[in-house]
Amino acid sequence: MEFSFSNQNLSRPQAILQRFFEILPGVLSWVIILGFIVLGLARPLAAAGLILAFDLYLVLRFTYMIIFLLFLRSRLELEAKTDWLARARGINRLYDYWRELNELEVGPKGKQDLSRSIHKNELRILEKSHQKAPLLDDIHHLIIIPGKAADIAKFSSTVDSLLRSDFPSIKIGVIFAFEYGVSQSLRLTVSRLIERYRDKLFEVQAVYCPDKPSSKYSNRSAVINFAARESVKYFNQKKIPLAKVITSYFQAGVEVSPDYLSCLTYRFMVSPYRQAACFQSIPVYNYSIWSDSVFRRTLNASASFFQLIEAANPDNLVSFSSYSLSLAALAEFDYWPQGPSSIDTAMFWKAFIYFNGNFKVIPLYIGYPIKTATEAQADWFKELYCQKKEQAMAVQDFPIAMRAFLKAGRMPLAKRISQAFKLLEAQLSVTLWPFLLLIGGWFPALLCGREFSDSGTYYSTPRITFLIFSLMIIGSIMILVLTKRVLPERKSERKILAKIADGLTLVPLALIGIFLQSLAVLNVQTGLIFGRRHSHDG
């Protein structure tokens, strides 16, 4: 569907709809919070009933989280030793490869056997789709790394990690993308960096956005869009099909594992929907997280806690942090949207709307290092909150996506309603959880009149809430133990003591993560009520 994924230059009817949907999440959040306070004063019995219903809902949500974290942990461990490049080679010679897979000794069932069984099922799905997989030798990787002057020192570590990849470096291209108006000295530094890697990669270039951003909101998206458009020109000149170029968006300084690109290549080849999908890695932490103090480490870990859960559920998964997709698909839906929204999640919704609801997110089940706020940063807590706020900017995708759903006549009505409900529920639940969980159960009892204090509900509501809250704390500890298994192994001479200490530092992770995210989302929602849009660039 043709739709301008932007909140700028709108017709009057569309501008009115845009403002309505911008205001809606924030107004609903504040109405529920303030309305609950009023209801607790006027009708404490009704408020208590709502709290009990909400407690039950949260128990179900925590059960959901535990199930998906178990699944995520199992898949990461299951695929830890997978030879992705060998599987990618096998796709191009399926007849012989099937025979080799079937002739392998099975023996006692283990992780590799289960992984192989999943692999066979993926091959069957590919065969039934009648979609021919691209040849491995024809696939190229394009890595776009946007940066500023302060990021120059980080570029080398990212490129060096790509060179350590088991995927052939002669098929990897890297583009350093810079904003408008960089200094000449910076350009010289980048030129020297390019010369260092020119003979080691398929191509390495730097692009400098020639135009000043039209607004404070479009800086980063303008930079990476310019880089992507220049890449399209380059591959067209080289007569390399865009459908065989996998484009990835990396943060400066990220070091991926040696099998990252091979895993991505395999997932791209085996997926029948490769030209209408993005491939999402799993956010994990690198060894530097253990160099932080206990308090900083706990807060850093909480920064992406719920992304781990959502990454395990493809039905609710949208793009975030680092993701990859076909350059042909990126060009088809006209690159990343520009405006005051998260370029990560906004890309998914733009593609989802363009492909009439048929755009998918495919998890890679391989780790992507998370950026953390370290002790070297003087304002590390502010930096952490800014990370939370950047994640919360997905709120600004909501009004644009809702306008698109109203116009998407070719998208099934049930899918539009379902996605709209998921979007709205996500905005409200993350804002309301802390208030209703920790305060709501006791609020009617604290502010009630004598009539309510004589009823059984007066005594039962806080006790039931305390019981359910205790069960949720146990569930939180279970979640944190599972999350701990996703973290890198800590090297310590006191292994048992270190593991106990590390586990204890993660206990407050869930609650801290919920509160920080809640404050960030409520901040963005409240800003939108008053027409204040937040820039992705700070």
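Two residues count as being in contact when heavy atoms lie within 4.5 Å of each other. With that in hand, here's a quick look at this predicted model. We'll take in a pair of helices that pack together, α3 and α9, and then the largest cavity, which has a volume of about 90 Å³.

**Where α3 meets α9**

- Helix α3 covers residues 84-91 and helix α9 covers residues 260-270; their axes sit 8 Å apart, at an angle of about 30 degrees.
- Angles under 35 degrees count as roughly parallel, so α3 runs roughly parallel to α9.
- As for handedness, α3 and α9 make a left-handed crossing.
- On the α3 side, the contact is made by Trp84, Leu85, Arg87, Ala88 and Ile91.
- Facing them from α9 are Ser262, Cys263, Tyr266, Arg267, Met269 and Val270.
- Sort the residues of this contact by type and you get 8 nonpolar, 1 polar and 2 charged.

**Empty space inside**

- Rolling a probe the size of a water molecule over the atoms is a way to show where empty space is left.
- Here the count comes to 5 cavities of 30 Å³ or more.
- The largest cavity is lined by Leu142, Gly173, Val174, Ile175, Phe202, Glu203, Gln205, Glu230, Ser231, Tyr234 and Phe235.
- Which elements give two or more residues to that lining? They are β2 (172-178), β3 (203-208) and α8 (219-237).
- Of the elements, α8 gives the most to the lining of the largest cavity, with 4 residues.
- By type, the lining of the largest cavity splits into 6 nonpolar, 3 polar and 2 charged residues.

Terms used. Residues are numbered from 1 along each chain as its sequence is written. This is a predicted model: local features need pLDDT of at least 70, side-chain atom pairs count only at pLDDT 80 or more; totals for chains, interfaces and linings use all residues. Side-chain values use heavy atoms; hydrogens and water are left out. Axes are lines fitted to C-alpha atoms, for helices over the stretch in contact, and angles run from 0 to 180 degrees between N-to-C directions. Angles under 35 degrees count as roughly parallel, over 145 as roughly antiparallel, 65 to 115 as roughly perpendicular and the rest as oblique. A crossing is left-handed if the near helix is turned anticlockwise from the far one by less than a right angle, and right-handed if clockwise. Ala, Val, Leu, Ile, Met, Phe, Trp, Tyr, Cys and Pro count as nonpolar, Asp, Glu, Lys and Arg as charged, and the others, Gly among them, as polar. On a 1 Å grid over the protein atoms alone, a cavity is a set of points where a 1.4 Å probe fits but cannot get out, and a pocket is an open set with protein on both sides within 12 Å along at least five of seven lines; lining residues have an atom within 4 Å of a point. Grid points are joined across faces, edges and corners, and a volume is the space filled by probe spheres set on the points.
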